[in-house]
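The following report sets out selected computed features of the structure shown below.

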Amino acid sequence: MRRLHWSATARLLGGLLCLSGAMALVVLLPTARAGDRDWMVGSTPKAVSDWQEQAQAADELLSCLGLTRQQARALLPLIEQSAVVHIEDYQSTAELHDELVPAFTDFARQDSLNEGFTPDVERRTAQLNHQAKLAQEEKARRLLALEDQATELLTPTQRVFVEEFHPNRQRSAPPVDARGAVRRHLQAAAAQAQREAQRDELTEAQRALRELERPMNPTVGRVGNLLLHPAAADPLCRLAGVEPTHTMRGAAQVLQQGTPAHPIDRHREQQARVRCLRTEINNWNLINGLHLSVEQIDRVTRVYDATRPALAELKSRGRGPDARRDLAAAVLELETAVEQVLNRGQREVLAEYKACLIPPKNLKDPVRVGQANDSSQLERFLTRARRLTPQRTDAAIDELLAKETEHVGPLPASEQQERRTLLRKTIEDARRLSDVDFAIQKGELAARIARRDRVRELKTEIAALTHDRGLPGPISRFILQPEFIEQLRIRGEQLRRGPLAAGR
Amino acid sequence: MSHEGLNRRAFLSALGYGVTRACLLGKRATWAQAAAVATPATSKPTRRVDHFEAFPDGSVACGVCPHACVLHDGEVGRCRARINRGGVHYALGYGNPCIVQVDPIEKLPINHFRPGARMLTISCGGCNLGCLYCQNWQQAQERPDQLKTFELSPREAVAAARKHKLDIIGFTYTEPIAFLEYARDIAVQAKETGIKIVVGTSAFVHPEPLLELARYADAFAITLKGFDDGFYQEVCGARLDPVLTAIKTLHERTRCWLEIINLVVPTYNDRMEDVSALARWVHAELGKDVPLHFARFVPLYKLTDLPRTAVPTLESACAVAREAGLRHVYTSNIAPHRDTNTYCDGCKTVVVERLGFKILSNNLRHGRCPICRRPIPGVWA
C-alpha cells in the first residue's frame with residue numbers, strides 16, 4: 001500500500017514535470033531569444049528509472065525465468081550488496097548533481113556565447129564531469145562484479161533468457177511455466193539473431209564496436225539491471241520464502257522516496273536538469289563548431305519546420321514495416337535537404353563529431369595561424385623517448401601503452417609484442433637522427449607509430465553503411481532534434497543582432 | 001634593455017650540472033666544463049649585424065628597426081636578439097633557431113601562394129614587438145640564448161630543406177626581423193638552389209634591411225596589427241607609421257607576393273571604422289588583389305581577460321573590407337567557415353576550399369577559375 005502510494009506520487013510528479021516541460025516548450029519556444037536558455041531545462045525531462053516499472057519488470061522476469069528456491073536464496077546476498085551499491089550511488093549522485101547543475105548552467109551559458117570558457121568554469125565543469133563519470137564507472141564495476149556472480153548461479157538457458165528479456169515484449173509472452181515455450185522462444189530468437197548477424201554487415205560492425213567499447217565504458221547487463229535491482233528483492237524473497245532484509249527495505253525506500261537531504265522528487269528534477277544541460281552543451285558545441293551562417297540556419301530551420309508535420313504524421317502511423325519504411329524515406333529526404341545546406345567543411349566536422357561536454361581541441365581551440373606549438377601526443381612521446389636510456393625507454397613504452405588502452409581500448413594479445421617492437425624500433429630510429437632531422441621528421445615517425453584506432457574505423461564503417469542503406473545518420477542524430485533546432489534559432493537571433501557584446 | 005652577463009638561470013644551470021658531474025664522475029668534472037656545457041652555445045654571437053652605427057664611447061645604435069636602440073657594451077636591444085659586445089653589434093640567435101618544424105603554408109597564413117605546400121619553418125628567439133596577446137611568447141619574448149636551440153647554419157638549413165624535399169623555407173612564429181641576418185643568409189643560399197622563401201612578419205622595420213631580405217624572398221605575410229597608432233603603442237609596443245611605410249616599400253619595390261593579416265582583438269581594434277580604414281588603406285596603397293585576413297583572437301599571454309573574437313565581428317570585418325573594394329578577404333582561426341575559401345571574383349565559384357589548414361579541394365586551372373577562366377591573383381605553382 002505504502003509502495004503504491006509513493007509510486008503514485010512519483011508518477012504524478014513525473015507527469016507534472018513532463019506537463020510543465022511541454023507547456024514551457026509550447027509557450028516559450030516562439031519567443032525564445034539569445035540568453036533565454038532557462039526554457040531548455042525541464043523541457044525534456046526523460047523518464048527516470050521508475051521503481052514501479054522496475055518492480056513489474058522484475059516480477060515478469062522472475063515469473064518466466066523458472067528460478068529454483070535454491071537459486072533464489074543464493075541470489076539474495078547479491079541483491080543485498082546491490083542494494084548497498086544503489087543506496088550509496090543515490091547519495092553520491094544526488095550530492096554531485098547539486099554541484100553539476102550550477103556548473104553546467106554556467107558552462108552552457110558561456111558555450112552559448114561562443115567566446116570560449118573562463119578557466120574556472122571550464123576546470124570546474126571538467127572536474128565535476130570527471131567525478132560523475134568515475135562515480136558511474138564505480139557503480140558499474142561494483143554491479144558488474146555482482147552480476148558475474150549472479151550469472152554463475154543461472155543455467156545457460158536462463159542466462160540467454162535474461163539477456164533476451166524485454167519487459168514490454170514479454171508481456172505477451174507465453175505462460176509462466178511453459179518451459180517448452182520459453183525454449184522455443186529462445187531457439188527462435190537465437191536463430192533470428194544468427195541469421196541477422198550473418199547477413200548484416202552493419203549489425204556485425206555494431207556488435208564489434210560494442211565489444212571493443214565495453215572495457216572502456218563498463219555497462220551493466222540485464223542480469224544486473226533487472227535481476228539484481230533492489231526492486232527485484234521482494235519477488236525474489238517471496239520465491240526464496242524469506243523476508244526482505246533491512247538493507248533491501250532501505251534501498252527500496254531510498255529509491256522510492258529519496259533521503260531526507262535529497263528527496264526523490266528533487267533528485268529526479270536535478271537528474272532531468274543535468275540531462276537537459278548535457279544535451280544543451282553538446283548542441284552548443286556542435287553549433288559553435290559548424291559556424292553556420294544566418295542564411296544556413298534559416299534554411300535548416302525552414303526545412304525542418306516544413307517537414308515536421310509530415311514526419312509527425314508518419315510517426316503516428318505506428319511501427320509496422322510500411323510505416324517504418326515510409327518514415328525512413330522521409331527522414332532520409334530531410335537529411336539530404338539539410339546536407340545540401342552544409343558546405344564540405346561543415347559536413348566533415350559533422351561526420352567526425354562526437355557528442356561531448358568539453359569540446360575537443362579541434363573545435364574548442366584549433367591550431368591557430370602563426371602558432372608554433374602544435375605537436376601531437378606521439379610527437380611529444382618520441383621527443384622525450386629518444387633522450388631516455390634503454391631501461392627508461394621500456395617504462396615510457398609501458399606508460400604509452402597504458403594510456404592507449406585507456407583511450408582506444410586494449411590491444412589484442414597477439415599484437416602487443418608487435419606494437420612494442422615497432423615502438424622500440426621507431427625510438428631507435430629517432431635516436432639515430434640529428435636534432436634537426438628529427439624535428440623535421442617527427443611527424444612522419446609519429447604517423448608510423450600511430451595506433452590503429454579500431455573504434456574509429458568501426459564508427460566510420462558504421463556511418464558509411466548507415467548512409468548507404470538510407471538509415472538516419474549524424475544529421476538526424478544531432479541536427480534534426482527539436483532541442484538542436486531551437487538552439488539553432490537562438491544562434492540565428494544572436495547572429496542577426498550582430499556581434500555579441502564583448503565588454504565594449 | 002637588459003644587461004648581458006651570467007644570468008641567474010645560466011648560473012643555476014651551471015651549478016647544477018657541475019654538482020651532478022662532480023657526484024657522478026668524481027674529480028673529472030670542473031666548473032669550467034660545467035659552464036661550457038650549461039651556457040647555451042648561442043651566448044657567443046657569431047655574426048655582426050649589418051645595420052648599426054658605432055660610437056666612440058663604445059655604444060652602438062641599431063639600425064634595423066625604428067626602435068633604434070642605443071646599446072652600451074653588454075646591452076641587449078628591445079628585440080632581445082642583438083647585443084653590443086665590445087662596441088660591435090652582434091646577432092644573438094644566429095645559427096641557433098629555437099623552432100625547426102614542417103608546416104602547411106596556410107599556417108602563416110598565406111592563401112594565394114602554392115596552396116597545400118609544406119614548408120620548413122625556422123625561427124629564432126626574440127621579437128621587436130611586445131604584443132600583449134603574443135601567442136608564441138615562450139620564444140618571441142625571450143632572448144635567443146636563453147632558449148633550447150638547434151645548431152643550424154644557413155647552409156645546413158637549406159641542405160635540410162632539400163634533403164626532406166621541402167621547396168619552401170618559412171620564417172615565422174617569432175619575428176624574422178629579430179633574426180634578420182640569419183634569415184637573409186638562409187634566403188641567399190636558398191635562392192641558389194631554387195627554394196622559395198616566405199616570411200611572416202609584423203614589418204616594424206626600416207625599409208633598407210627589409211629590402212635586403214625581400215630581395216631573396218618570394219612571399220610575405222604581414223601582420224598589420226591595427227590601424228590606430230595608440231593601439232600599436234599600447235598593445236604592441238610599436239608604432240603604426242613605420243609599419244605602413246615598410247608594407248608600401250615591399251609592395252612598390254619588390255615583386256614578392258603579399259598578404260595582410262589583421263588579428264581582431266575584442267575591445268581593442270574591433271571597431272568597424274578602424275577595420276574600414278585599414279581595408280581602404282590596403283585597397284588604395286596595395287591594390288584590390290592583395291588578400292586580407294581577419295584572424296580570430298584567442299586570449300593568451302597577458303590578454304587573458306578578454307573573450308575570443310565573436311565570429312560575427314570577423315564576418316562584419318570581412319564585409320567591410322569587401323565594401324572597401326578588396327576582392328579576397330578571409331577569416332582565420334575559425335573553421336569551417338565560408339570565408340576561409342578562395343572564390344572567383346567574377347562568377348563567385350569556390351576555387352580553393354579549405355578546412356583549417358587543410359585544402360579540401362583546389363579547382364584552379366593554371367591559376368584561373370575553372371568556370372569563367374578569370375585569372376585569380378597569386379602564385380599557384
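## Report on the predicted model

In this predicted model, strand β18 of chain B, residues 350-355, pairs with β19(B) in the antiparallel sense, and four bridges link the two. One residue-level example is Glu353(B), whose bridge partner in β19(B) is Ser361(B).

**Chain B as a whole**

The secondary structure of chain B comprises ten helices and 19 strands. Further totals for chain B are collected in the table.

| Property of chain B | Value |
|---|---|
| Residues counted as buried, out of 381 residues | 60% |
| Contacts joining residues at least 24 apart, among those between residues at least 6 apart in sequence | 66% |
| Accessible surface | about 15000 Å² |
| Part of the accessible surface belonging to carbon and sulfur atoms | 51% |

**Cavities**

Across the whole structure, a search finds nine cavities of 30 Å³ or more. The largest cavity has a volume of about 520 Å³. Its lining consists of 32 residues, and those closest to the centre are Gly370(A), Gln135(B), Tyr173(B), Thr223(B) and Lys225(B). Several strands of chain B contribute to this lining: β12 (196-201), β13 (219-223), β14 (257-264) and β15 (292-296) each supply at least two residues.

**Two residues of chain A**

Gln158(A) belongs to helix α5 of chain A, which spans residues 156-164. With a relative accessible area of 7%, Gln158(A) falls under the 20% cut-off and is therefore buried. A polar atom of the Gln158(A) side chain lies 2.9 Å from the backbone nitrogen of Thr155(A). When residues up to four places away in sequence are left out, Gln158(A) touches Leu65(A), Gly66(A), Leu67(A) and Gln71(A).

Glu211(A) is located in helix α8 of chain A, residues 201-213. The relative accessibility of Glu211(A) is 45%, so this residue counts as partly exposed, a class that lies between the 20% and 50% limits. The C-alpha atom of Glu211(A) is separated by 9.9 Å from that of Val455(A), although the two residues are 244 residues apart along the chain.

Technical notes
Residues numbered from 1 in each chain as written. Chains lettered and ligands numbered in written order. Predicted model: local features only at pLDDT ≥ 70, side-chain atom pairs only at ≥ 80, totals over all residues. Heavy atoms only, no water. Pairing = 2+ DSSP bridges. Buried < 20%, exposed > 50% of the residue type's maximum accessible area, 1.4 Å probe, protein only. Polar contact = N/O pair within 3.5 Å; in protein donor to acceptor, adjacent residues only side chain to side chain. Contact = heavy atoms within 4.5 Å. Areas by Shrake-Rupley, 256 points an atom, 1.4 Å probe, with all protein chains shown as cover. 1 Å grid on protein atoms, 1.4 Å probe; cavity = no way out; pocket = protein on both sides within 12 Å on 5 of 7 lines; lining within 4 Å. Points joined across faces, edges and corners; volume = space filled by probe spheres on them.
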